Amino acid sequence: MLNSLKLELEKRKADGLLRQRRLLDSPQAEHIVANNQHFLSFCSNDYLGLANHPALIAAMQQAAGDSGVGSGASNLITGHHRHHDNLEKQLAKFVKLPAALLFSTGYMANIGVLGALMGRNDAIFADKLNHACLNDGAYFSLAEFHRFPHNDVAALETLLKASDAKHKMIAVDAVFSMDGDIAPLAEYLTLCEKYDAYLYVDDAHGFGVLGEHGEGSLNHCHLKSPRIIMMATLGKAAGVAGAFVAGEQVVIDYLIQTAKSYVYSTPAPPALSATLSESVSLIEQGDDLRAHLRMLIAYLKDNLHCKKWQLLPSETSVQPLVVGGNLEALALSEYLQTLGILVPAIRPPTVPVNTARLRISLSAAHTLEDVKALIDAIHRAESEL
Ligand SMILES: *Cc1c(COP(=O)(O)O)cnc(C)c1O
């Protein structure tokens with residue numbers, strides 16, 4: 001086995017697919033120190049610049065003082081602290097759904113929810129570009145698994161029409177993590193009503209950013225229905241860590257009993273929940289941050305003009321510049337690094353073959369000057385490479 005691992009790693013390297021971790025010596029922010037070098041970074045999902053926010057640092061320090069650093073037991077024993085409970089109630093109220101449940105990560109939430117709600121006689125319908133953990137959740141559930149082409153409502157309807165599964169669930173990213181576009185959620189909900197299906201919305205990249213006050217994609221699309229179950233991560237725009245699922249009370253009650261990644265896992269420290277309560281308040285009051293972010297997005301779209309590379313049509317903070325080949329995408333990313341700018345090259349299997357890209361991630365913490373510097377650097381790269 002060890003020999004085949006070695007061969008596989010060598011093959012990845014030859015294909016330009018070997019990934020390397022950068023060693024960070026600063027907080028996650030727009031200016032970082034990675035591998036002992038200073039960079040202007042367009043890498044993080046910290047879309048509102050909260051990961052290093054003084055009010056959240058103070059909240060975590062205080063909460064560690066009053067609730068300790070560890071949860072110590074699973075949720076159904078003595079691990080469920082008042083800080084967790086307060087945050088669940090606050091989140092449910094914020095997204096205007098009857099109830100919410102915390103998970104330690106988004107990955108665990110998706111595996112737990114799909115695994116608990118769907119079973120052998122059921123069917124899950126998933127966008128081909130969904131995040132990997134929705135696929136793993138479907139695999140876990142043992143339900144039939146149908147994947148439809150990206151955002152293709154007609155193809156999805158054909159699959160739903162042909163299905164005789166007991167329970168049907170459409171599971172999609174609301175904002176696609178590597179494309180930045182928004183799923184046609186209203187059309188999906190119409191299909192749910194027509195074919196007696198449910199809609200599971202993974203709002204990892206919409207929560208905090210979209211919606212009237214950052215409530216997320218459902219609010220952005222004006223959707224409300226007992227057929228909807230939403231999940232959002234708390235390590236992206238919310239700046240901390242974790243995830244929550246929200247929906248009808250009966251769904252949450254059922255998940256508390258049956259979601260394995262909830263029941264058989266130690267919850268995140270209560271101090272994280274106390275910090276997140278503060279973070280959700282900042283999100284709610286963050287209209288100025290979101291207005292600034294929208295301005296930066298519009299500026300980038302209006303002013304980045306490439307002939308070789310294509311900026312995908314996205315209105316969100318995820319702005320992908322498709323380069324094509326793996327080595328070409330890496331070369332562009334490395335060139336920008338020589339100018340002190342860090343933008344990650346995203347390669348297969350995270351994205352389809354021949355669509356390797358730079359994933360430009362904008363944050364409210366960026367200034368207009370930061371975005372101008374990025375645009376200049378990419379224009380320079382296009383004439384130099
Ligand atoms: C990041 C992400 C997840 C996983 O969330 P974590 O909290 O990082 O585990 C799930 N779904 C999508 C769409 C994501 O982008």
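The model shown is predicted: local features need pLDDT of at least 70, side-chain atom pairs count only at pLDDT 80 or more, and totals for chains, interfaces and linings use all residues. Residues are numbered from 1 along each chain as its sequence is written, and side-chain values use heavy atoms, with hydrogens and water left out.

**View 1. The shell of residues around the ligand.** The ligand is surrounded by 14 residues, with Gly106, Tyr107, Asp202, His205 and Lys236 the closest. By class, the shell holds three nonpolar residues (Ala, Val, Leu, Ile, Met, Phe, Trp, Tyr, Cys and Pro), three charged (Asp, Glu, Lys and Arg) and eight polar (the others, Gly among them). Helix α5 (residues 106-117) supplies the largest share of this shell, three residues; helices (H or I, at least four residues) and strands (E, at least two) are DSSP runs, numbered from the N terminus.

View 2. Histidine 205 places a polar side-chain atom 2.5 Å from a ligand oxygen atom. For glycine 106, a backbone N or O atom lies 2.7 Å from an oxygen atom of the ligand. A side-chain N or O atom of lysine 236 is likewise 2.7 Å from a ligand oxygen atom. Of the 380 Å² of accessible area (Shrake-Rupley method, 1.4 Å probe) that the ligand has on its own, the protein covers 83%.

**View 3. Strands β4 and β5.** Strand β4 (residues 123-127) pairs with strand β5 (residues 144-148) in the parallel sense over five bridges, where pairing requires at least two DSSP bridges. Aspartate 127 has phenylalanine 148 as its bridge partner in β5.

Conventions: A residue is near a molecule or strand if one of its heavy atoms lies within 4 Å of it. A polar contact is a pair of N or O atoms within 3.5 Å; within protein, one must be able to donate a hydrogen and the other to accept it, and residues adjacent in sequence count only if both atoms are side-chain atoms.
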